[in-house]
Amino acid sequence: MTSDEMEITIVTGNKGKLREFRELAEELSGGLLRVKQADMPKEEIQADRLEEIALHAARVISKLLEPPFFVEDSGLFIEALNGFPGPYSAYVHKKIGNEGILKLMSGVENRRATFKCVIAFISAPSTQPKLFVGSVSGRIAESIRGDKGFGYDPIFEFSGRTFAELDTKEKNKVSHRGQAFKKLLQHLGLNYGGEHGIRNASSLP
Ligand code: IMP
């Protein structure tokens, strides 16, 4: 590794999230940030806020894993359902899936929804986690569309297309995960590449 390079561990068992983070790291850091995966169980407390869930998980994992690493917690908040499934998104997706959400939304006119992502990053042993948050607003589609992505992607519509109709690069440009990760890379001084990177921004006339 050169002095500019850095390695970071992402604690997730979710292949979809990992694929997105890997592409983001490559694109935004221009290859300077290497991503490793730790697929270990994330201790998820029941809480109303993703921030609390991510902070708790990061603190538990800091006893088992060497920093720098981060854990991520995300969720889908549907306005007409008062933010449901929100922090319970993983459980609800497992139990009723996208079909179940569409049934709950049947006949509902207000289809506004937001994806939110919270990254809890631990940079060194015995340090507190630092949070990076991203969100994206869209709507719940009337039907399942697209075969890319994962989770709720086939029912989350952004600018007329569901996230499952976008390839990873397109989704990353606008997604909750992309926003949160960009903030982390800026914090690390590594957001160089890509359309939204510092290098491009500073080279603007
Ligand atoms: P958790 O962050 O592992 O608790 O997962 C939250 C739930 O939301 C899981 O069911 C994920 O599949 C889903 N989810 C999180 N991010 C996304 C996304 O970018 N697209 C679609 N579903 C997502």
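Proline 85 sits in strand E4, residues 84–85. The peptide bond between phenylalanine 84 and proline 85 is cis, with omega about 0°.

Before I go on, the ground rules. This is a predicted model, in which local features need pLDDT of at least 70 and side-chain atom pairs count only at pLDDT 80 or more, while totals for chains, interfaces and linings use all residues. Residues are numbered from 1 along each chain as its sequence is written, and side-chain values use heavy atoms, with hydrogens and water left out.

Back to the backbone. A cis bond also joins proline 67 and proline 68, again with omega about 0°. Proline 68 is in the loop between helix H2, residues 50–61, and strand E3. For context, most peptide bonds are trans, and most residues other than glycine have a negative phi.

On phi, there are two serines to point out. Serine 126 is not a glycine, yet its phi is positive, about 65°. Serine 126 belongs to the loop that runs between strand E5 (112–122) and strand E6 (130–140). Is serine 126 buried or exposed? Serine 126 counts as exposed because its relative accessibility is 82%. The cut-offs are under 20% relative accessible area for buried, over 50% for exposed, and partly exposed in between, with a 1.4 Å probe and protein chains only. Serine 159 has a positive phi as well, about 50°, and is not a glycine either. Its loop lies between strand E7 (156–158) and strand E8 (161–162). With 69% relative accessibility, serine 159 is therefore exposed.

Now the ligand. How many residues surround the ligand? There are 17, and the closest are Lys17, Ser74, Asp153, Lys171 and Arg177. A residue counts as near when one of its heavy atoms lies within 4 Å of the molecule. By class, this shell has eight charged, five polar and four nonpolar residues. In that scheme Asp, Glu, Lys and Arg are charged; Ala, Val, Leu, Ile, Met, Phe, Trp, Tyr, Cys and Pro are nonpolar; and the others, Gly among them, are polar.

Next, some distances from side chains to the ligand. A nitrogen atom of the ligand is 2.6 Å from an N or O atom in the side chain of aspartate 153. For lysine 17, a side-chain N or O atom lies 2.7 Å from an oxygen atom of the ligand. In histidine 176, a side-chain N or O atom is 3.1 Å from a ligand oxygen. A polar contact is a pair of N or O atoms within 3.5 Å; within protein, one must be able to donate a hydrogen and the other to accept it, and residues adjacent in sequence count only if both atoms are side-chain atoms.

Helix H1 is the next stop. It covers residues 15–29, and serine 29 is in it. Serine 29 counts as buried because its relative accessibility is 1%. What does the side chain of serine 29 reach? It reaches the backbone nitrogen of leucine 32 at 3.1 Å. A polar atom of the serine 29 side chain also lies 2.7 Å from the backbone oxygen of alanine 25.

Glycine 16 is in helix H1 too. At 6% relative accessibility, glycine 16 is buried. Glycine 16 and glycine 151 are 135 residues apart along the chain, with their C-alpha atoms separated by 8.5 Å. Arginine 19, also in helix H1, is partly exposed, with a relative accessible area of 36%. From arginine 19 to glutamate 79, 60 residues along the chain, the C-alpha separation is 28 Å.

Valine 136 is in strand E6 and is buried, with a relative accessible area of 5%. Its C-alpha is 8.6 Å from that of phenylalanine 158, at a sequence separation of 22 residues. Proline 87 is in the loop between strand E4 and helix H3, and it counts as buried at 15% relative accessibility. Proline 87 and valine 60 are 27 residues apart in sequence and 18 Å apart in space, C-alpha to C-alpha.

Key:
Helix = DSSP H or I, 4+ residues; strand = E, 2+ residues; numbered from the N terminus.
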